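Me: Please take me through this model by asking, for each label, what value and what criterion stand behind it.

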Amino acid sequence: MIREGVLYEPWEMGRTRCNVCAQYCKIAPGHMGVCRTRENRGGKIYTLIYNTVASTAVDPIEKKPFYHFYPGTDIFSMSSVSCSYRCAHCHNAFLSFARPQADTGGHLEARVPERVAREEGANRVPTREIVPEEAVALAMQRSAAGMAWTYNEPTIWLEYAHDCALLAKRQGLYTAFVTNGTFTEESQAYMTPVLDAANVDVKAFTDTFYRRICGGRLEPVLRTCERIRREGKIHLEVTYLIIPAQNDDPRELRDFCHWAASSLGPETPVHFSRFYPYGWTPVDYPTPLAALDRAYREARRAGLHYIYVGNVRGDGRESTHCPDCRTLLIQRSGYRTRRLFRGNRCPSCGRRIPLVDYDSPRETGGLAPREPVKLAAG
Ligand code: SF4
């Protein structure tokens, strides 16, 4: 459905600036922004994908990944199409490279470029319109504990995610973004009252990588993470996908770890994830385990307390241990999770463990208490 968007302002030379993500597109009338989902019509920005849903699934929350946020629960996951980036290594290229076509009789079509279509065997992404009330009802029917906007970039889906999250919270569900971290101050402020958690992909720690591979910039992503931690209202976890010969330089990993420890704080969970080649990605072999080991050691040296290694079967570094006495607190294997303690303190040494969970009121994660969200009348 096409709907007027939020967060835009008049700009120079008859253009309109979209303030939804850090691309800050200045869009001329009749044109679209980088994400190809927002169009300037007569000086107003319209989203073409308001409630256009391309996929839904119920996932373990560990798959997002979130390890310190309602561990062991199921989350109802939704995506639309397109992205504010164009990462060459994207594993969800079928969704994120799909571009909405002209509105054909009220129903939106999404098509993918030829190179993606070759890999996927299809050039059209089927979509369905789901109003927020129905989305929340689906999540509840499927016994999910929360809702996530994921698979493609949720920031560009801001209005719909916001409206769903508002309703979800009224029903007692938690809400989460899995995002490239391109919130602007405005869009973060818009989502903060209804968003409980965000896992931000820091895709590399050089601006060169962001410009060359993603079509974005590093700085806005770092500022988003820092703002989230500073404000303390959204639970934050950070993921770094290590791609061989692209973003695995030891100095780059060291810089990332030091930034995470000093700017986000040592209690922030950090996930290092193993890359596997996909179709037309520029690297045709998986991340060597030595690179993951190196990143893990750097993170320990930088003082991070909760470091996880993902996409490696049987690695053992996906479980949560007490940073002080190394007692096993949450055991994970694949997506099987066993929480081995109650409350928010290590049962052996009493250290406080940052965890947002039913057993642990929000302040245990360093988060400020939240008022319940009320729907506006009418
Ligand atoms: S959401 Fe981002 S990429 Fe899309 S039009 Fe707005 S600023 Fe540009």
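Me: What makes up the shell around the ligand by class, and how are the classes drawn?

Reply: The shell around the ligand has 8 nonpolar, 3 polar and 1 charged residues, where Ala, Val, Leu, Ile, Met, Phe, Trp, Tyr, Cys and Pro count as nonpolar, Asp, Glu, Lys and Arg as charged, and the others, Gly among them, as polar. The model is a predicted one, in which local features need pLDDT of at least 70 and side-chain atom pairs count only at pLDDT 80 or more, while totals for chains, interfaces and linings use all residues. Residue numbers start from 1 along each chain as its sequence is written.

Me: Which residues surround the ligand, and what makes a residue near it?

Reply: A residue is near a molecule or strand if its C-beta atom, placed from the backbone, lies within 6 Å of it. The ligand is surrounded by Cys 18, Val 20, Cys 21, Gln 23, Tyr 24, Cys 25, Gly 33, Val 34, Cys 35, Arg 38, Ser 84 and Ile 156.

Me: Why is H7 called roughly parallel to H8?

Reply: The axes of helix H7 (residues 219–231) and helix H8 (residues 250–264) come within 10 Å and cross at roughly 30°, the axes being lines fitted to C-alpha atoms, for helices over the stretch in contact, with angles that run from 0 to 180 degrees between N-to-C directions. Angles under 35 degrees count as roughly parallel, over 145 as roughly antiparallel, 65 to 115 as roughly perpendicular and the rest as oblique, so H7 is roughly parallel to H8. The helices (H or I, at least four residues) and strands (E, at least two) are DSSP runs, numbered from the N terminus.

Me: Which residues make the contact of H7 with H8, and what counts as contact?

Reply: Two residues are in contact if their C-beta atoms, placed from the backbone, lie within 7 Å. Leu 222, Cys 225, Glu 226 and Arg 229 of H7 meet Trp 259, Ser 263 and Leu 264 of H8, and by class this contact has 4 nonpolar, 1 polar and 2 charged residues.

Me: Why is H3 called oblique to H4?

Reply: Helix H3 (residues 132–141) and helix H4 (residues 158–170) have axes that come within 9 Å and cross at roughly 55°, and that angle makes H3 oblique to H4. On the H3 side the contact is made by Pro 132, Glu 133, Ala 135, Val 136 and Ala 139, and on the H4 side by Tyr 160, Asp 163, Cys 164, Leu 167 and Ala 168. By class, the contact of H3 with H4 has 8 nonpolar, no polar and 2 charged residues.

Me: What is the omega of the cis peptide bond that joins Lys 64 and Pro 65?

Reply: Omega is about 0° for this cis bond between Lys 64 and Pro 65, and Pro 65 is found in the loop between strand E8 (55–60) and strand E9 (74–79).

Me: What is the phi of Tyr 70?

Reply: Phi of Tyr 70 is near 45°, a positive value in a residue other than glycine, and Tyr 70 is found in the loop between E8 and E9.
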